[in-house]
Amino acid sequence: MEISSSPLGYTVGINHFSVDPVVMAIAQGLVPDPFLSQLADLGHLVGNHVVPVGNEIDHQPPIELISHDIDGRRVDQARLTQAHRSTYELLRPVIATPQTSAGFAGHFLEGYLIADPGFYCLITLSTQVATALHLLHPSPEDLLRRLTQGSSWGGTWFTEIHAGSDLGANRTRAISEAAGWSLSSGDKYFASGAGMTDLALVSAYPENAISLRDLHLFLVERYAQDQELNFIVRRLKSKLGTRAIPTGEVELDRSHAVLLAGANDGIYRILQSLTLARTANAVASAGVARIAILEATLRGDRRSAFGTSLAQHPLFARDLVTMRLAHLGITALALLCAETFASNYDFVDHNDSEYLVLRLLSHATKTHTATTSIAITQQALECFGGLGFLEDYAIARWHREALVLPIWEGSTNIHALDAAEVARHPEAAQGICDLIQQWVPDSLRPAVVAQADKALHDLKGEAWYAKEALAELGHCLEIAALGRFATFVPELADVANLRWRYHATGTLPIWHLPESLQFRVT
């Protein structure tokens, strides 16, 4: 296919689905055939609209907050350009995918294609709200239509300034009144989508709460029954990246709320929502890495040095192979987590063994894909030399976008602590071992299984070692994921062997990507 020229980057104008033969083959095994044409359409939209608009937004002034309309009414709306707003509307159908025959597997494949953490964040937040409504609201139909077909957007507001990921320290208080619940003393500090959010999932404690199990989950709408604003957006924040989505501070003061999950259920429904977001974070990590490698690959074809193209130089070629192998690994892992989420995200009991396995898998997947994505984007940036360090060009943006991925939905330390708690459930640890036993290629099984057993043992031990143990578990699960999808792309078994050797020894033999694993660009 022809690559359109762009002053900012090389990945404008390509179809981000058809360029990726491995994901195309995996998709054929995960979703119904008719959905494949939707993925191709989305891949075209990403290359011809999402990427170029995102590049432009990244160079524009930060999103402004409009606090009052011309008549003096408080509105707290984010000011977006028409191109910015229309991009979100073009992506809105992705919110509805989980309720179609493609399910969450299809939704997360779409997230991989979108990749841009700013745009995909609002889609994910809205999907989190839609999923909670579908599972927990007594009559969700009208609210779901507003998200999937109307003009409403969703948000999840759990984090407070004094507590961060420590939900047990939430100060927002829920008061049961004759007219329903109201929330006060709420200061939600990292409110992604602030100024755009119409329906928010909010965590709060009722009066006389004594433990984390008392944490409740509520739905809060932008407007109260009297059509006045139901919450206040104090300000929007200036950020290093993800400039496509506004992030702000939200105040809740006698805000009308609808209870979705109460004591002994609320915290687990919040964790369920976070597991969805962490899986989305993983596919976005793989998607960002894809774009960075594409940028570096096309740079290698177009740039000459010392009398030949960069792509012909062995060290540059090695860089491309190293990045692509890592990218295939995290893409397989992210999609394995997506496949598992699609089957096990709902639960009758939060101690269901399948759900516990999903939680542990999501912790390892989110951290491993995020840290690997940063390493890939950094290496891709270096492939541009000094140009990579200039904000003039897109590759710098993709590295900045990757930096948020280990932070969103909990830092690596938080994931290590949460994973350790889940791993202490024998059925969760055994389920992860069974998954690895099932999918790791035969030649690697003894070594990988032994390493996974050690990682799980260390994860349950001293907290000092928990982060390293979780990282090691992520490597083992990556090999299992490559083995799982080698059923669709047999060459992924070779990738598993190379990735394990590189992880174990730090060495990579001279190896050339077979055509089946190469991006299809000209």
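**View 1. The C-terminal domain of the UniProt record covers residues 264-421.** The name given there, in an unreviewed entry, is "domain: Acyl-CoA dehydrogenase/oxidase C-terminal"; UniProt positions follow the numbering used here, feature names are shortened, and annotations may be inferred rather than shown by experiment. This is a predicted model, in which local features need pLDDT of at least 70 and side-chain atom pairs count only at pLDDT 80 or more, while totals for chains, interfaces and linings use all residues. Residues are numbered from 1 along each chain as its sequence is written, and side-chain values use heavy atoms, with hydrogens and water left out. Residues 264-421 are 75% helix and 3% strand, and their end C-alpha atoms lie 17 Å apart. Helices (H or I, at least four residues) and strands (E, at least two) are DSSP runs, numbered from the N terminus.

**View 2. The middle domain of the record spans residues 156-254.** UniProt lists this stretch as "domain: Acyl-CoA oxidase/dehydrogenase middle", also in an unreviewed entry. Here the chain is 44% strand and 0% helix, with end C-alpha atoms 18 Å apart.

**View 3. Take a look at the second largest pocket, with a volume of about 670 Å³.** Two elements, α7 (266-302) and α8 (314-344), each give two or more residues to its lining, and α8 supplies the largest share, six residues. The lining has 22 residues, and Ala311, Ala317, Leu320, Val321 and His512 lie nearest the pocket centre. By class, 14 are nonpolar, five polar and three charged (nonpolar: Ala, Val, Leu, Ile, Met, Phe, Trp, Tyr, Cys and Pro; charged: Asp, Glu, Lys and Arg; polar: the others, Gly among them). On a 1 Å grid over the protein atoms alone, a pocket is an open set of points with protein on both sides within 12 Å along at least five of seven lines, a cavity is a set where a 1.4 Å probe fits but cannot get out, and lining residues have an atom within 4 Å of a point. Grid points are joined across faces, edges and corners, and a volume is the space filled by probe spheres set on the points.

**View 4. Now to the largest cavity, with a volume of about 90 Å³.** The structure holds four cavities of 30 Å³ or more. Among the residues lining the largest one are Gln128, Leu201, Arg269 and Phe341. Both α5 (117-136) and α7 give two or more residues to this lining, which has seven nonpolar, four polar and one charged residues.
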